[in-house]
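Visitor: Hi! I'm new to reading protein structures. Could we go through one together?
Guide: Happy to, let's bring it up.

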Amino acid sequence: MKFKLYHLGNSRSQRIIWLLESLKLDYELIFCERNRQGLAPEWLKTIHPLGKVPILVIEENQHNEKIVLAETSAIFDFLAIKFATHELFSSENFTAQQLANHCYFKKFADSSLMPNLALKQIFARIVSHSPWIAKLITGKIKHTFDQKFLNPSIFEQLAMIDDLLKQQKFLVNDNLKAVDILMEFMLSALAVSIPKFQPFQNIQRYLNDLHDLQSYQQAVIKGQFDQAEFVHYWQQAW
């Protein structure tokens with residue numbers, strides 16, 4: 001089985017690099033340059049119709065098949081089935097609660113937490129791209145939506161995660177699981193963008209533990225992750 005990953009720098013596709021590194025798989029990494037709007041290049045649509053990263057191309061030698069798979073969650077599920085016995089995915093010795101945590105955070109990462117971050121980034125862009133005469137209005141709309149909806153929801157989510165991490169090292173149990181790889185990106189974005197993140201000490205400890213892992217550090221190097229750019233991008237959203 002051969003893998004080729006299409007990757008956009010400092011995007012959530014960084015998680016798939018980390019996952020492939022953790023699985024110790026051989027893969028070809030294709031870097032995609034952002035266009036002037038900061039989006040994925042148009043030519044990616046020749047690889048997948050929607051042209052959104054990450055895109056994983058899988059060549060199955062046994063059946064001579066070539067599969068083109070987009071969406072982080074779909075890639076995650078494909079790898080989870082293919083490598084079900086790997087320690088990152090195996091649920092063989094899970095308690096019922098650990099299995100529940102695994103299923104929950106697998107969906108929570110991109111279905112609950114990421115939409116809140118994406119909305120903050122969208123509203124920030126609306127303000128920054130507004131004519132100067134309209135910035136006061138769009139800025140007020142963003143502030144109101146943040147204060148009444150997004151911020152309370154995000155802080156509630158963080159409090160839930162922080163409370164769980166008082167009891168165990170990682171999200172499922174005391175061992176690294178693939179759902180931790182899914183969650184790290186969004187939690188790191190919040191840690192660098194929220195001005196007063198100190199109350200969430202267990203999440204900060206958790207992130208430090210993840211960032212100390214050799215597989216994470218290898219993924220950062222291979223994916224050419226730029227911490228300064230990452231911080232700048234997410235701080236604008238807050």
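Visitor: Let's start with Gln 224. Where does Gln 224 lie?
Guide: Gln 224 sits in the loop that runs between helix 7 (214–222) and helix 8 (227–237). One thing to keep in mind as we go: this is a predicted model.

Visitor: Okay! Is Gln 224 buried or exposed?
Guide: Gln 224 counts as exposed, because its relative accessibility is 56% and the cut-off for exposed is over 50%.

Visitor: And what is phi of Gln 224 near?
Guide: Phi of Gln 224 is near 55°, which is a positive value in a residue other than glycine. Asn 10 also has a positive phi, near 60°.

Visitor: Where is the place of Asn 10, then?
Guide: Asn 10 is in the loop between strand 1 and helix 1. Asn 10 is buried, at 10% relative accessibility.

Visitor: New topic: charges. How many salt bridges does the count come to?
Guide: The count comes to 9 salt bridges. As background, side chains of opposite charge can pair when their charged atoms come close.

Visitor: Which residues are linked with Arg 12 in a network of salt bridges?
Guide: Arg 15 and Asp 110 are linked with Arg 12 in that network.

Visitor: What about Lys 106? Which side chain does Lys 106 meet in a salt bridge?
Guide: That would be Asp 77, at 2.8 Å from N to O. Lys 106 belongs to helix 3 and Asp 77 to helix 2 (residues 72–82), so this pair ties together parts that are 29 residues apart in sequence. Lys 106 is partly exposed at 21%, and Asp 77 is partly exposed too, at 26%.

Visitor: Is Asp 146 buried or exposed?
Guide: Asp 146 is buried, with a relative accessible area of 3%. Lys 120 is buried as well, at 2%.

Visitor: Let's look at Glu 21. What is Glu 21 in contact with, leaving aside its neighbours within four places in sequence?
Guide: Glu 21 is in contact with Tyr 27, Ser 215, Gln 218, Ala 219 and Lys 222. Glu 21 itself is in helix 1 and is buried, at 9% relative accessibility.

Visitor: Last one! Is the peptide bond from Val 53 to Pro 54 cis or trans?
Guide: That bond is cis, with omega near 0°. You can find Pro 54 in the loop between strand 2 (27–32) and strand 3 (55–60).

Methods:
Residues numbered from 1 in each chain as written. Predicted model: local features only at pLDDT ≥ 70, side-chain atom pairs only at ≥ 80, totals over all residues. Heavy atoms only, no water. Salt bridge = Lys/Arg side-chain N within 4 Å of Asp/Glu carboxyl O. Helix = DSSP H or I, 4+ residues; strand = E, 2+ residues; numbered from the N terminus. Buried < 20%, exposed > 50% of the residue type's maximum accessible area, 1.4 Å probe, protein only. Contact = heavy atoms within 4.5 Å.
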